[in-house]
Every structure is written in structure tokens, then in C-alpha cells.
Amino acid sequence: GQQLNQSPQSMFIQEGEDVSMNCTSSSIFNTWLWYKQEPGEGPVLLIALYKAGELTSNGRLTAQFGITRKDSFLNISASIPSDVGIYFCAAFAGGTSYGKLTFGQGTILTVHP
Amino acid sequence: DGGITQSPKYLFRKEGQNVTLSCEQNLNHDAMYWYRQDPGQGLRLIYYSQIVNDFQKGDIAEGYSVSREKKESFPLTVTSAQKNPTAFYLCASSIALAINTEAFFGQGTRLTVV
């Protein structure tokens, strides 16, 4: 089946540092989404990417839809303590998997003040 | 406010019981999804539905059942056949049959077998 390989699995950084995480797959996807989840809550959508090569920002967050449509990355600049959480990539495919949303395993982010 | 509502927030089940988790959305979305999340793990797809009266098995459908009688509602039943049901369950919805779409999540239901 389709899989998204997300890395790194976890990151421990100092406040003010930049963060980078990515997702790769052997399959082609039509939409890439990045979510943040805090303990005991549902994931919250951060950024949506619809077009290969697209680079989109949301405040200190920047994400890109890979040109091959098989990967995406998320960068967080100047991290702050409230950035702590689990970040997930997700993607919608086409073809016979149309409408099925696949998730990466998540990146656990810890920010030390 | 538009959104997705899951209830209850916490649910306790005895061995051998069936329990039903509620998911309601007022976003007018066609597609709805159920995911299971185990501690420290990603989200695994249980079932999804792109239209009323139709649904598809996801990657871990065994021991679960769903119905989609109304566009707004997609309840999940965890049956006694599910051997390890303790987990965090998440419901999501999106505009279906569209290439460019976003999925939004409810707050989750934490199910514990006692």
C-alpha cells in the first residue's frame, strides 16, 4: 500500500533554532498537507499544498510540494516553546486510491527554552 | 461555527462489549474518515466514506464497523471482535471527489478497555 516515510522521528532543539522535516514516498500524490497535534487533541491543519513545486508559508512555517510529487518538506524558523508537538505530513492520492488520506508516522518536536 | 464534533471525549468499555463513537460535521463535506492512533504512533485509517450510503475499508478495518446514513454523521462501532481496542480515535472530513482538498479533524475519543 501507499506509505509516507517521515523523518526525523524526533527532534530536540533550543528555542530560536530552525527546524526541518520531510516526507517521501514511492507513490505520486496530488495534495500534501502538514498538521500539528498537541497531546490529547486532534491534528490541526497548518499548510496545504496543491501543486508540484509549490512553496507556501504560514507565519514562521514554510512547506514545499516536491517537483516529483513524491515528497514534501516543512520548515519552522526561529522555534519557540509553543511549537512543541507532533507534526504529521499527509497526502491525497489519485487513481484507485482517490479520496484516501495517507499519513506519515510523525515528527515529535521538543523545544528547550 | 463549522466543525467536526466527536463524542464522547473519553469512553470506557468492558471486555466483550460493542461501543459506538460519534462523529458529526456541519462543514457540508462529502467525505469522512476514521483513524486510530496508538501512543507514539501515526494515524492508521480504519474506514472512509466519500458519499452517503457508501464506505470503504481502510488499512485496519477488522473488528470495526461504520454506517453513513446521513451526510453529517459517520459513527464508528468498535466490536468485541477488535482484540486491542484501547486507542485514541480520530474522525476527519473533507470535500470529496476533488483533487485539491483539505481534511479537518475532530478532537478525538480516547477509548479504554477495562
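Q: What is the area buried between chain B and chain A in this predicted model, and what share of the area do carbon and sulfur atoms give?
A: About 2000 Å² is buried between chain B and chain A, and carbon and sulfur atoms give 54% of that area.

Q: How do the residues of the side of chain B that touches chain A divide into nonpolar, polar and charged?
A: On that side of chain B, 13 residues are nonpolar, nine are polar and four are charged.

Q: How many residues of chain B are in contact with chain A?
A: In chain B, 26 residues are in contact with 21 residues of chain A. Contact requires heavy atoms within 4.5 Å.

Q: What is the count of salt bridges between chain B and chain A, and what is the count of residue pairs in polar contact?
A: The count of salt bridges between the two chains is zero. The count of residue pairs in polar contact, both at pLDDT 80 or more, is six.

Q: What makes strand E2 (residues 10–13) of chain B and strand E11 (residues 109–113) of chain B a pair?
A: Pairing requires at least two bridges. E2(B) and E11(B) have four bridges, in the parallel sense, and therefore count as paired. In E11(B), Leu111(B) is the bridge partner of Leu11(B).

Q: In what sense do strand E9 (residues 87–94) of chain B and E11(B) pair, parallel or antiparallel?
A: E9(B) and E11(B) pair in the antiparallel sense over three bridges. Here Tyr89(B) has Thr109(B) of E11(B) as its bridge partner.

Q: What makes the link between the side chains of Ser57(A) and Thr62(A) a polar contact?
A: The cut-off for such a pair of N or O atoms is within 3.5 Å. The side chains of Ser57(A) and Thr62(A) are joined at 3.2 Å, a polar contact.

Q: Which residues is Ser57(A) in contact with, leaving aside its neighbours within four places in sequence?
A: Ser57(A) is in contact with Ile47(A) and Thr62(A). As for Leu46(A), eleven residues apart from Ser57(A) along the chain, the C-alpha atoms of the two are separated by 9.5 Å.

Terms used
Residues numbered from 1 in each chain as written. Chains lettered and ligands numbered in written order. Predicted model: local features only at pLDDT ≥ 70, side-chain atom pairs only at ≥ 80, totals over all residues. Heavy atoms only, no water. Helix = DSSP H or I, 4+ residues; strand = E, 2+ residues; numbered from the N terminus. Buried area = accessible area lost by both parts, 1.4 Å probe. Salt bridge = Lys/Arg side-chain N within 4 Å of Asp/Glu carboxyl O. Polar contact = N/O pair within 3.5 Å; in protein donor to acceptor, adjacent residues only side chain to side chain. Nonpolar A, V, L, I, M, F, W, Y, C, P; charged D, E, K, R; others polar.
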